Amino acid sequence: MADARIVCQQALIQMVSSRNNPFDMAPNLAGGNDLSPSGLIRSLQFAGLVVGENSLASPHTLPYLGLETYYHQLVMTGNHDRARIVAKYRS
């Protein structure tokens, strides 16, 4: 995200906010955005979806539009077990 902010600033694009999927291991672990024990557990639970064949279920591939949207993506792709995990975090 730091690199994206710099590029946007150079291009005179205002970046209002940024969000990462809390289940995405790429920004949370590799990017160092959430190295907490709970962040590690969440990311590892969904690691198989990041490298899997179904990009619609991956927490990394599509833009993150919130937990409600990600929950429905998982349900629509048949990932009901992981959808139940996400449902615990929805408000």
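Student: Is Glu-68 buried, partly exposed or exposed?
Tutor: Keep in mind that this is a predicted model. Glu-68 is partly exposed, with a relative accessible area of 41%.

Student: And which residue does Glu-68 form a salt bridge with?
Tutor: Arg-90, and the closest N and O atoms of the pair are 3.1 Å apart. This bridge links distant parts of the chain, since Glu-68 sits in helix 5 and Arg-90 in the segment after helix 6, 22 residues apart.

Student: How does Arg-90 count, buried or partly exposed?
Tutor: Partly exposed, at 29% relative accessibility.

Student: OK, how many salt bridges does the structure hold?
Tutor: Three. Another one joins the side chains of Asp-81 and Arg-84, at 2.4 Å from N to O. Those two both lie in helix 6, three residues apart, which is about one turn of the helix. Asp-81 is exposed, with a relative accessible area of 56%.

Student: What about Asp-34, which side chain does it meet?
Tutor: Asp-34 meets Arg-42 in a salt bridge, 2.7 Å from N to O.

Student: Why does Asp-34 count as buried?
Tutor: Because its relative accessibility is 18%, and buried means under 20%. Arg-42 counts as buried too, at 10% relative accessibility.

Student: Switching topic. Which residues are in the largest nonpolar core?
Tutor: There are 11: Phe-23, Phe-46, Leu-49, Ala-57, Tyr-64, Leu-67, Tyr-70, Leu-74, Ala-83, Ile-85 and Val-86. Helix 5 (67–76) and helix 6 (80–87) are the elements that give two or more residues to this core.

Student: Zoom in on Phe-23 for me. What does it touch?
Tutor: Leaving out residues up to four places away in sequence, Phe-23 touches core members including Phe-46, Leu-67, Tyr-70, Ile-85 and Val-86. Among its other contacts are Asn-28, Ser-43, Pro-59 and Tyr-89. Phe-23 also touches Arg-42, the residue that pairs with Asp-34 in a salt bridge.

Student: Which residues line the largest cavity?
Tutor: Asn-21, Ser-58, Pro-59, Leu-62, Pro-63, Tyr-64, Leu-65, Tyr-70 and Gln-73.

Note on methods
Residues numbered from 1 in each chain as written. Predicted model: local features only at pLDDT ≥ 70, side-chain atom pairs only at ≥ 80, totals over all residues. Heavy atoms only, no water. Core = buried A, V, L, I, M, F, W, Y, C linked by side-chain atoms within 4.5 Å. Buried < 20%, exposed > 50% of the residue type's maximum accessible area, 1.4 Å probe, protein only. Helix = DSSP H or I, 4+ residues; strand = E, 2+ residues; numbered from the N terminus. Contact = heavy atoms within 4.5 Å. Salt bridge = Lys/Arg side-chain N within 4 Å of Asp/Glu carboxyl O. 1 Å grid on protein atoms, 1.4 Å probe; cavity = no way out; pocket = protein on both sides within 12 Å on 5 of 7 lines; lining within 4 Å.
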